[in-house]
Each structure stands twice: as C-alpha cells, then as structure tokens.
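Subject: Structure for you to look at, with notes

Dear colleague,

Here is the structure I promised to pass on to you, with the sequence alongside. Please open it first, and then read the notes that follow with the model on your screen.

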Amino acid sequence: MLKQTVALILLAFLPAIGEAIYYRHKVSWQSPVPPSETVTVDLARSWGDNAIWVDARPDNEFERDHVPGAIRLNEDRWNELLGPFLATWSPEKKIVVYCSTQSCNLAIEVARRLRNEAQIKDVFVLQGGWEEWLKKK
Amino acid sequence: MEKAGLSCTIVLVKTTIIAFTLSILLCVGARAGLTWEQTQIELHPAVGDKEAVGHFKYKNTGDRPVRIKSVRTSCGCTAAQSQKEAIAPGDTGEVTATFKIGDRTGTQVKGVTVETDDRVHSNIALVLKTVIAQPLEIQPVLVYWQTGEEPKAKSISVKAAKDFPVKEINITPVNQNFETKITKMGNGEFKIDIQPRDTARPIAAVFTLQADASPKKFTVGARVANLAPSKATAVQQ
Amino acid sequence: MNTVSTINYQLSTERPFVWRIVDLIIGGLFIYAGILKALDPMRFAVDIDNYKTVPWFIGVRLAFYLPWLEILCGLALITRKLYLGGLSILAALTSIFIMATVVAKARGLDITCGCFGHASKYLSFAGHLALDLAILAALLVSIFSARKPSEVLPRQSVLFR
C-alpha cells in the first residue's frame, strides 16, 4: 500500500508541473495580488512625477494624513471624487493606489474599478499600503 | 484470520459512526449558547438608498447567560452593534449591521465577527451580502485623445439594467471644449459621442450622467493629454 | 514445503459487488472535484488562502498539485490500479480537509467553499461536514474491507492490483 501511495503522489507531480508551467506568467506565486498589478514603495517613489498617488481610504483617514500630493478616491464618494482624478490623470502617468495595509481590500477594489470602468492600464496597488509608506518615509 | 479482519472492520465502522454522531452533536451542541436565526443575510437595497441594514437575530437557548464581548466588522464601510451586552437564558436580541453603500457597485460581502464568552462558540462569523442595484452600466467612464491626434468622436456605451426601464439620459454641463451627442439605441441602450473641438492643447472635462429623474448620478470624463512624460498641465473647463 | 515468513496484504477479490458501486461513485466524485479545481487554480489558491493555515506561496503551489492528486486517486478507485494507495491518500486528504474546516469555523473565518470549490457554496456548514464525514467513512470502510491478509512470499506481493 505504501508503494502505491508513493507512486500516486509522485505521478501527480507530472500534470501539476505541466499546468504550473502553462500558468507561470498568469499566476502570482508570491502574493495574492498578481505582481504585474502591485508595486513596492521604493519603485513607486522612483517614478517621481510620473506617478499619481491615489488614496483609497475613507475621508477621515485621508484628512488625518496622506501621501503628499495624493488624490482621494474611495468608494464612499466614487462619483464625486472621480472627476478630480480624471482631470489630473494623463495616459503616461502610473497610478499607485494605496489603503491602510496590504490586507485591506479598498485599494484592490479602487484599482479594479479604474482598470475596468475607466480602462486605465497602468494601475498598481502599493505593497504594504500606507503603513509601508510610513515605514520608508 | 478472516474473522479477525471482519471484527476489525466492524470496530472501524462503529468508530466512524460514533465519530460522525459526535461531530453532528458538536455542531448542534455548539449552538446551545446563542442560536442565530440567520448567520448570512442578503440585502437588496433600492436605487438611491444610502445604507443597507441587516438584523441578525439571536436567542440564548442555553442555560447560562452569554455576554457579548465585542462586535467587529471586516470593513470600515460596515458598522455593527449588539442590542444587548448580556443575554440571559431564554432572552432574545439582535446584532444590527449597517453597510454604507456609498458609490459601491455589484455584490458586496462584508463580515461581522461577534465575540462572546460562550466557551463552545466564542466567535461567530456573520455575513452581510448586499446586492447593489446598478441602474446604468457605463463603459468606459473615460475617453481621451493625445494632443495632436485627430479630434474624432469617441463613444461611451450606456446600458440600463433589465429592472430599470430608462427613457432618457442626460449629460451635463455643456462644455465649450467638447461636443456631446446622445443616441438612443433602443432596448435600454444609449451611445454618447464625445468629440473635442481641437486637440492642440491639453484639456479636461468632467460630465455628470443622469437617467430620467433617478437620484443617482454618474461621472464620466473626457481628456486631451500630452503623452510626453514632462509635466502636462490640464486646463479644466 | 514452503514456510511463510511474512504476511502481506493484497486487494481482496471476494468483496461484494456493492463495493464496486461505492468505488465508482466516490472515484467519480473526486475526479469531478479535482477537475473543477484544476480548471481554475487561481481561484482554488484563494480558497486555500481563506483558511489561513498556510502562507500564500505554499497554498498556491498546493492549488496546482492537489487537484491532480485527487483526479489520479479517483481514477485509481475506478480502474482498480494503485487502488489501496488511492483510497489511503483520499482518506488522508478528506481528514485534513475536515480538520481545517472545523478549525476555520472555530476561528470565526467565513469559509463558503467546500471540497467542490464554489459549486458547493450553497451547502451550510453542517451540511458540508456531514457530506465530508460520510465520504471519509466510506473511504475508511473501503480500505479495511478491501485489505485481505494473505499468506504470500515477499516476492509474490504485487504493486499493481
């Protein structure tokens, strides 16, 4: 029985590895959000004026403190805040969306809506969020 | 040898049945403190509603009082509180979860965790699912041209949801840099053509879309932008 | 005269036909479940991540491997090749899954998916548990009724039965 168990365990690796190779570019191997859609604080900072920072947190958190120059865009007042964002945006800019931490979904949701509804391509979620930005300040 | 094998099988079957029964009892017994009418609520707020409220009702079916230590939510957009802190045996109460809809779309699933001093079931996970009716589907919400590009009209498609018959949509304000034209395609579909008068310099415009007399307003934008990475200042009209 | 020096197990060929039906049902169930998950490994990775028992980089690799293990074990049950190995792996997987579900529920995590991925999202927690325990019971009983001790010499024990 042990030999049979080992044989099955080893055999299963073959199609699994094949499928993993097929999906290798489409899957995020290190974190839940695909790497093509996230950016580190250091890289986002290196973009300088080419980056537009978008704060996806609720109004009261934005008012308390935010990345200097960041535009507020949250789902509480999406329609009201979308206008100022669209007026600032231009095609060569990279959008960096952040919320409290890596685990909060707000930035992921705002990024998703910008990609799907506005069809803006260069939209990234900041890895580690606002907390990571504060650490590296 | 075969008899030994058969009795082994019988013992195993009995053990599995006992384990099975015990786990069912555990699930049942686990609810002997607070029993919830529903742990998952699905809400369908009307268009224009600012909030969706779910009432998670419970009853203490145990023989000891239960104290609610905390009520936490998975998102700042949801507030939840318990009617009572201490629930005597036989008493009922509810946890009210209020989800702030804002401008959210689609189906929003938010969690509420209730922590109690019940030894068996100390953490209860409640789920508030809100299906937000979206009267209009607008795609895309942004049209843009590069400076120097031919100022051809670009279209925004507007589709009314099946349950929301829409007769007319209107777009405001009138903008001196962009021309807008609405075409009714039938079947609740509309096409908005936006055309810049010229693309010589960067300009931006933000429009508000509204269907009939619906309170809900939507934002769409039009932009003429430089592609050069240097600072491009847009003149918002 | 041959003297027996070891006792090995081999697949009993004298079991009632009802066990064949059980094999086909359970094997088919796991093949179906495995295919559903293999078709969308990213979604399965998110489901594994929801249990918060393993970090993402392990969970995503498991999401590619486990469905194929399920499919091969399901096929083992149906074809009777590597049969006992298939049964024991499936029993182990089902036990681990039941434990992870109970622990997640105790931690207050909202687990809406069962072993059939999002296809089973309409089952309640108790319903899920009952189904999984029934599958585990069938697997365990299958293993122990299938194993018939036979007095054979070591070189006669077979891998494939």
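Chain A has six helices and five strands, and from the N terminus on its elements follow the order α-β-α-β-α-β-α-β-α-β-α. Please keep in mind throughout that this is a predicted model, for which the predictor gives the complex an ipTM of 0.71 and a pTM of 0.60. Of the 137 residues in chain A, 35% are buried, and among the contacts of chain A with a separation of 6 or more, 62% are between residues 24 or more positions apart.

The five strands make an open sheet with parallel pairing, in the order 1-5-4-2-3, and its edges are strand 1 (38-39) and strand 3 (71-72) of chain A, each of which pairs on one side only. Within this sheet, strand 2 (residues 51-55) and strand 4 (residues 94-98) of chain A run parallel and are joined by five bridges, with Val97(A) in strand 4 as the bridge partner of Val54(A).

Helix 5 (residues 106-116) of chain A lies across strand 2, strand 4 and strand 5 (123-126) of chain A, and its direction is at about 180 degrees to that of strand 5. The buried residues of this helix are Leu106(A), Ala107(A), Glu109(A), Val110(A), Ala111(A), Arg113(A) and Leu114(A), and what covers them includes strand 2, strand 4, strand 5 and helix 6 (129-135) of chain A. If you centre the view on Ala107(A), you will find that, leaving aside residues up to four places away in sequence, Ala107(A) touches Ala56(A), Val97(A), Tyr98(A), Cys99(A), Val125(A), Leu126(A) and Gly129(A).

As general background, nonpolar side chains tend to be buried together in soluble globular proteins.

Where chain A meets chain B, the contact takes 19 residues from chain A and 25 residues from chain B; on the side of chain A that touches chain B, there are eight nonpolar, five polar and six charged residues.

Chain B itself has one helix and 18 strands. Buried residues account for 26% of its 237 residues, and of the contacts in chain B with a separation of 6 or more, 64% are between residues 24 or more positions apart.

Strand 14 and strand 15 of chain B form a hairpin with two residues between them, and Asn187(B) in the turn has a positive phi of about 65 degrees.

Gly148(B) and Ala225(B) are 77 residues apart in sequence, yet their C-alpha atoms are 9.4 Å apart in space.

The average pLDDT of chain C is 75, and 70% of the residues score at least 70. Confidence in chain C is lowest in strand 1 (residues 8-11), at a mean of 48, and highest in helix 3 (residues 56-79), at 92. Over residues 1-10 of chain C the pLDDT is below 50, although this stretch has 17 contacts in the model beyond near neighbours in sequence. Residues 112-122 of chain C also stay under 50, and for them the model has 20 contacts beyond four places in sequence. Where pLDDT is low, the predicted coordinates should not be read in detail.

With best wishes

Terms used. Residues numbered from 1 in each chain as written. Chains lettered and ligands numbered in written order. Predicted model: local features only at pLDDT ≥ 70, side-chain atom pairs only at ≥ 80, totals over all residues. Helix = DSSP H or I, 4+ residues; strand = E, 2+ residues; numbered from the N terminus. Buried ≥ 20, exposed ≤ 12 C-beta atoms within 10 Å, placed from the backbone. Contact = placed C-beta atoms within 7 Å. pLDDT = per-residue confidence, 0-100. Pairing = 2+ DSSP bridges. Axes fitted to C-alpha atoms, helices over the stretch in contact; angles between N-to-C directions. Nonpolar A, V, L, I, M, F, W, Y, C, P; charged D, E, K, R; others polar.
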